[in-house]
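Dear colleague,

Please find below the structure that I am handing over to you.

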Amino acid sequence: MKSFKVTRQIDAPASKVWSILSDPAQLATPEFGIVSVSGQIAPNGRITLVSEIDPKRSFSLQVRDYQTNHSMIWTGGLPLGLFTGRRAFRLQPQEGGTFFTMEERFTGALAGLFTKHMPDLTASFEKFGDALKERAEA
């Protein structure tokens with residue numbers, strides 16, 4: 001199973017961090033590495049995301065496990081669970097701020113085949129974490 005993860009200590013309340021994570025207009029910027037996000041980032045919402053890593057490809061995602069100011073999961077992939085990407089966002093309030101975690105795992109019978117050709121997303125995850133921290137602390 002292939003996965004990527006980023007964490008950040010953010011000097012802002014979880015509600016401010018969440019307001020950025022749940023707003024497509026704030027995420028669709030070069031700072032986050034996202035070309036566009038359309039749809040609703042809301043419970044059981046559906047979004048279409050285009051990343052700067054592959055701007056010719058769009059990802060259809062479903063928003064799951066949406067718990068305001070705490071966590072949410074975006075999932076996408078192939079039918080029957082043959083290949084699934086699961087991106088989890090978690091916010092842990094701490095004194096003076098929020099500990100942020102974003103992790104994506106790829107699973108399914110075809111995961112090995114697909115992830116073999118997938119670029120390393122580490123730099124993209126770091127960029128997202130840095131942008132979220134900077135925007136929330138501004």
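Is Phe 114 buried, partly exposed or exposed? With a relative accessibility of 35%, Phe 114 counts as partly exposed. Please note that the model is a predicted one.

Nine aromatic pairs are found when the whole structure is searched. One of them joins Phe 32 and Phe 128 in an edge-to-face arrangement, with 5.0 Å from centre to centre and 70° between the planes. Phe 32 belongs to the loop between α2 and β2, and Phe 128 to helix α4, so this pair ties together parts that are 96 residues apart in sequence. Phe 32 is buried, at 2% relative accessibility, and Phe 128 is buried as well, at 3%.

Phe 83 and Phe 114 make a stacked pair, because their ring centres are 4.8 Å apart and their planes meet at 25°. This pair links distant parts of the chain, 31 residues apart: Phe 83 is in the loop between β5 and β6, and Phe 114 is in helix α3 (residues 111–116). Phe 83 is buried, with a relative accessible area of 12%, whereas Phe 114 is partly exposed. Both residues also belong to one aromatic cluster, together with Phe 4, Phe 106 and Phe 125.

Salt bridges

The structure contains seven salt bridges. Among them is the bridge between Arg 135 and Glu 31, whose closest N and O atoms are 3.9 Å apart. Arg 135 is in helix α4 (residues 122–137) and Glu 31 in the loop between α2 (24–27) and β2 (34–39), so the bridge ties together parts that are 104 residues apart in sequence. Arg 135 is partly exposed, at 26% relative accessibility, and Glu 31 is partly exposed at 44%.

A further salt bridge joins Arg 87 to Glu 104, with 2.7 Å between the closest N and O atoms. Since Arg 87 is in strand β6 and Glu 104 in strand β7 (residues 97–107), this pair ties together parts that are 17 residues apart in sequence. Arg 87 and Glu 104 are both buried.

Within helix α4, Glu 137 and Lys 133 lie four residues apart, about one turn of the helix. Their side chains meet in a salt bridge of 2.7 Å, N to O. Glu 137 is partly exposed, with a relative accessible area of 33%, and Lys 133 is partly exposed, with 24%.

Backbone angles

Two residues deserve a mention for their phi angles. Most residues other than glycine have a negative phi. Asp 65, which is not a glycine, has a positive phi of about 50°, and its place is in strand β4 (residues 58–67). Leu 80, also not a glycine, has a positive phi of about 65°. Leu 80 is found in the loop between β5 (71–77) and β6 (84–94). Why does Leu 80 count as exposed? Its relative accessible area is 82%, and residues count as exposed because their value is over 50%.

Yours sincerely

Technical notes. Residues are numbered from 1 along each chain as its sequence is written. This is a predicted model: local features need pLDDT of at least 70, side-chain atom pairs count only at pLDDT 80 or more; totals for chains, interfaces and linings use all residues. Side-chain values use heavy atoms; hydrogens and water are left out. Helices (H or I, at least four residues) and strands (E, at least two) are DSSP runs, numbered from the N terminus. Buried means under 20% relative accessible area, exposed over 50%, partly exposed in between (1.4 Å probe, protein chains only). A salt bridge is a side-chain nitrogen of Lys or Arg within 4 Å of a carboxyl oxygen of Asp or Glu. Rings of Phe, Tyr and Trp (its six-membered ring) pair if their centres lie within 6.5 Å; planes under 30 degrees apart count as stacked, over 60 as edge-to-face and the rest as tilted.
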